Amino acid sequence: MGTPLVDGFGRVHRDLRISITDRCNFRCTYCMPAEGMDWLPRSELLTYEEISRLAGVFVTHFDFDGIRITGGEPTVRAHLPVLLSKLSRLRTGAGRPVDLAMTTNGATLGLIAHDLVRAGLGRINVSCDSLRADRFEALTHRDGLAAVLDGIDAALEAGLAPVKVNVVVMRGVNDDEVVDFATFGRERGVEVRFIEFMPLDAQGGWTRAQVVDQAEIVSAIDRVHPLEPVATRGSEPAERFRYLDGGGHVGVIASVTHAFCGTCDRVRLTAEGQLATCLFAVDEHDLRTPLRAGASDPELAEIVRGALATKWAGHAIDQVQFIRPRRSMSQIGG
Ligand code: SAM
């Protein structure tokens with residue numbers, strides 16, 4: 001058995017988010033500029049062997065039981081099933097497999113969903129911020145809505161479960177589509193998760209006025225499809241609600257207005273092997289250098305334990321003392 005990875009506030013960590021690339025084939029306005037991002041050189045990216053080795057440290061030493069692959073856009077990295085098969089073979093100290101998930105823009109799922117499932121992927125979140133083709137294109141700088149909707153269908157058909165759809169809600173951009181997305185989720189049998197817009201865009205253009213808060217999102221849906229809150233939340237980032245008519249669930253990730261740092265069980269590994277104890281952490285902890293210098297698994301585990309001791313109580317987004325991280329969502333791994 002491993003030993004739990006506990007931070008200074010008594011929070012036990014069990015969930016590892018791994019970014020495998022900082023590149024993306026979309027340019028969502030709230031994440032990246034249309035042009036001019038500097039990509040990491042290939043030599044700085046962890047190889048699939050290195051990612052699996054570090055993931056193994058979390059799973060076997062600290063009993064992590066959840067791994068989510070993200071980016072950038074994880075599907076743009078070649079041979080993704082090779083990595084998924086390696087990760088799906090990991091076992092916790094108690095002998096359990098990990099819950100292997102991925103967050104993607106979904107644009108190529110129509111082609112690869114079955115391969116991902118065969119390699120061991122269990123569930124998926126697909127990001128989609130508008131159901132209107134012209135608005136989708138304005139938001140992503142790509143004519144990609146049809147491919148993403150096909151991708152959602154392909155994920156369901158391949159047996160990924162659950163399939164969730166992430167929607168970042170922004171004032172004056174897509175806040176008039178909240179009910180359309182809720183209806184879409186009910187009809188397709190997918191759980192929609194509305195995300196409050198966070199100050200993690202590469203351009204630094206975020207303003208508080210653009211945030212549509214959880215209360216407004218829930219009441220808009222409730223007026224059309226009545227909802228009740230789901231009592232148990234655990235360490236889930238989303239607060240979930242159930243449709244009273246049995247039409248499924250919907251969630252809101254209210255990172256700005258209802259931060260859930262007190263129950264956070266997540267750490268993040270960036271594409272170049274830096275450990276971030278929070279999406280908003282200002283300091284990162286280098287695992288790649290010791291890994292490439294030949295550190296043993298127990299030595300790497302010790303670095304991780306030391307890093308966790310520095311984790312903050314909370315990110316303070318909606319407070320005056322908030323410090324914006326140096327890097328954006330796509331560079332850290334969302
Ligand atoms: N490319 C993949 C995707 O589109 O899902 C994975 C990476 S993306 C950075 C992960 C998630 O972060 C997406 O659901 C995206 O919408 C969300 N995201 C990116 N920037 C954000 C921001 N400034 N505020 C809130 N969510 C954001």
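**Close-up views of a predicted model**

View 1. A backbone N or O atom of Met198 lies 2.9 Å from a nitrogen atom of the ligand, a polar contact being a pair of N or O atoms within 3.5 Å. A polar side-chain atom of Ser127 is 2.5 Å from an oxygen atom of the ligand, and an N or O atom in the side chain of Tyr30 lies 3.0 Å from an oxygen atom of the ligand. Taken alone, the ligand exposes 550 Å², of which the protein buries 95%; these areas come from the Shrake-Rupley method with a 1.4 Å probe. This is a predicted model, in which local features need pLDDT of at least 70 and side-chain atom pairs count only at pLDDT 80 or more, while totals for chains, interfaces and linings use all residues. Residues are numbered from 1 along each chain as its sequence is written, and side-chain values use heavy atoms, with hydrogens and water left out.

**View 2. The shell around the ligand.** The ligand is surrounded by 19 residues, the closest being Tyr30, Gly72, Glu73, Ser127 and Met198, where a residue is near if one of its heavy atoms lies within 4 Å. The shell divides into eight nonpolar, nine polar and two charged residues, with Ala, Val, Leu, Ile, Met, Phe, Trp, Tyr, Cys and Pro counted as nonpolar, Asp, Glu, Lys and Arg as charged, and the others, Gly among them, as polar. At least two residues of this shell come from each of the strands S5 (99-104), S7 (163-169) and S8 (191-196); strands (E, at least two residues) and helices (H or I, at least four) are DSSP runs, numbered from the N terminus.

**View 3. Helix H1 against helix H9.** The axes of H1 (residues 48-62) and H9 (residues 297-308) come within 10 Å and cross at roughly 80°, the axes being lines fitted to C-alpha atoms over the stretch in contact, with angles from 0 to 180 degrees between N-to-C directions. H1 is therefore roughly perpendicular to H9, a term for angles of 65 to 115 degrees.

**View 4. Two backbone features in loops.** The peptide bond from Ala161 to Pro162 is cis, with omega near -5°, and Pro162 is found in the loop between helix H5 (145-158) and S7. Asp63, although not a glycine, has a positive phi of about 55°.

Key
Parallel < 35°, antiparallel > 145°, perpendicular 65-115°, else oblique. Polar contact = N/O pair within 3.5 Å; in protein donor to acceptor, adjacent residues only side chain to side chain.
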